[in-house]
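Work through the following exercises with the sequence and the structure side by side, and try each task before reading its solution.

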Amino acid sequence: MRLLVTGGMGFIGSNFVRLVLRERPSWTVINLDLLTYAGNPANLADVEREPRYSFVRGDIANAADVRRALVAGCDAIVNFAAETHVDRSIESSEIFLRTNVVGTTTLVEAARALGRCRVVHVSTDEVYGALGPDDPPFTETSRFAPTSPYAATKGAADLLALAYARTFGTDVVVTRCSNNYGPYQFPEKLVPLMITNAIEGKRLPVYGDGLQVRDWIHVEDHCTGLLAALEHGRAGQEYNFGARAERINLDVVRRIVGLIGASPDLVAHVADRPAHDRRYAVLPDKAERELGWRPRRSFDEGLAETVRWYVGNERWWRPVKDGSYRDFYRRWYEERTA
Ligand code: NAD
Ligand code: DAU
């Protein structure tokens, strides 16, 4: 298996590359990543010298870059590359359109041209919009009702990928997962931001009343699901992933405060996110039934393990928070392109 992973220098992509290299010893992995602010070579420093792994810097929305990454052929593409932060999409949505919509279409078009190349397109439960307190969780047939520009671009990308499956017979599988947490998550997202701020004794900014609900899954459980979708998913199908772990934001933050031993006075309610989705929850029954997949970690053990990871890996997150990781990246890239 020759696998192209896009966005492999980000949070979920880097965890997936590590999983594949460990669990599939005969596979080779090419990682195509633009190295935006969210792409950090330190995320895969431990596999850099692995002969079955190679890195190509490039943009999924640029057909020439995609062709360069595919020059030696490819059996499958797993597309993680995206702009992923809701708050950034509210600030400015243009790059979300380019990467998430044009980029995904460029990739599925390249797979179509190549022939016999499966695309697993990694998407999100946010395409379904928000649930009320008593609504049943989202299933694969739930209506698309995205509220943020981020979610709208992910929804558009899903529809384009599925349109390629129907129109051209391209082998596409779309997955939609709930909120991930775990090692190497960029500290703009709730869990790593709260853990690292709590360690630093900084304010913990909870949006609005903090009573919004998210459905949490450990990143490694998501990654084993993606591997199962790649190997066993039916072409043209959609699969939701989640771990049936709905939690109120404020409870998550308070649990982190307790695990770190920080002061509860750090919790500060701040202005709410516009159109803040009140609740997400996903039913993973189809993935469990068809892919033989199960999430393994409970939220409590996964969160405690994640807190321990950030406590033990200040060398990873401090340069990300103070911006100096970009200097590391610049040196790293210059060494490899000199
Ligand atoms: P991330 O923001 O941590 O990483 C994104 C990666 O994509 C970075 O390495 C970045 O450099 C790269 N990238 C961005 N634009 C690119 C481009 N034009 N060309 C090539 N590479 C580019 O993201 P993440 O949290 O790991 O999410 C990965 C995927 O999973 C995304 O598609 C996201 O929508 C989806 N997802 C995320 C979650 C979550 O909770 N984080 C949940 C469900 C689905
Ligand atoms: O559901 C899957 C999605 O989960 C992914 O598609 C997105 O890429 C990912 O970013 C995530 O989206 P959310 O908006 O749910 O994640 P975020 O970590 O930004 O916020 C989680 C919740 O915490 C949300 O209700 C907003 C709230 N929040 C977030 C931050 C960053 C706060 O209260 N304070 C904060 O500082």
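This is a predicted model: local features need pLDDT of at least 70, side-chain atom pairs count only at pLDDT 80 or more; totals for chains, interfaces and linings use all residues.

**Exercise 1.** Describe the shell of residues around ligand 1.

*Solution.* Begin with the count: 28 residues surround ligand 1, and the closest are Ile 12, Asp 33, Thr 84, Tyr 150 and Lys 154. Next, sort the shell by class, which gives 13 nonpolar, 12 polar and three charged residues. Finally, look for the elements that contribute: α1 (11-23), β5 (118-124), α5 (149-168) and β7 (179-181) each supply at least two residues, and β5 gives the most, with three residues.

**Exercise 2.** Which polar atoms of Gly 39, Phe 80 and Thr 99 lie close enough to ligand 1 to count as polar contacts, if the cut-off is 3.5 Å?

*Solution.* Take the backbone first: a polar backbone atom of Gly 39 is 3.5 Å from an oxygen atom of the ligand, and a polar backbone atom of Phe 80 is 3.2 Å from an oxygen atom of ligand 1. Then turn to the side chain of Thr 99, where a polar atom lies 3.3 Å from a nitrogen atom of ligand 1.

**Exercise 3.** Is Asp 158 buried or exposed?

*Solution.* First locate Asp 158, which has its place in helix α5. Its relative accessible area is 0%, and therefore Asp 158 is buried, since buried means under 20%. Then list its contacts: leaving aside residues up to four places away in sequence, Asp 158 touches His 121, Ser 123, Val 127, Phe 144, Val 174 and Arg 176.

Notes. Residues are numbered from 1 along each chain as its sequence is written. Chains are lettered from A and ligands numbered from 1 in the order in which they are written. Side-chain values use heavy atoms; hydrogens and water are left out. A residue is near a molecule or strand if one of its heavy atoms lies within 4 Å of it. A polar contact is a pair of N or O atoms within 3.5 Å; within protein, one must be able to donate a hydrogen and the other to accept it, and residues adjacent in sequence count only if both atoms are side-chain atoms. Helices (H or I, at least four residues) and strands (E, at least two) are DSSP runs, numbered from the N terminus. Ala, Val, Leu, Ile, Met, Phe, Trp, Tyr, Cys and Pro count as nonpolar, Asp, Glu, Lys and Arg as charged, and the others, Gly among them, as polar. Buried means under 20% relative accessible area, exposed over 50%, partly exposed in between (1.4 Å probe, protein chains only). Contact means heavy atoms within 4.5 Å.
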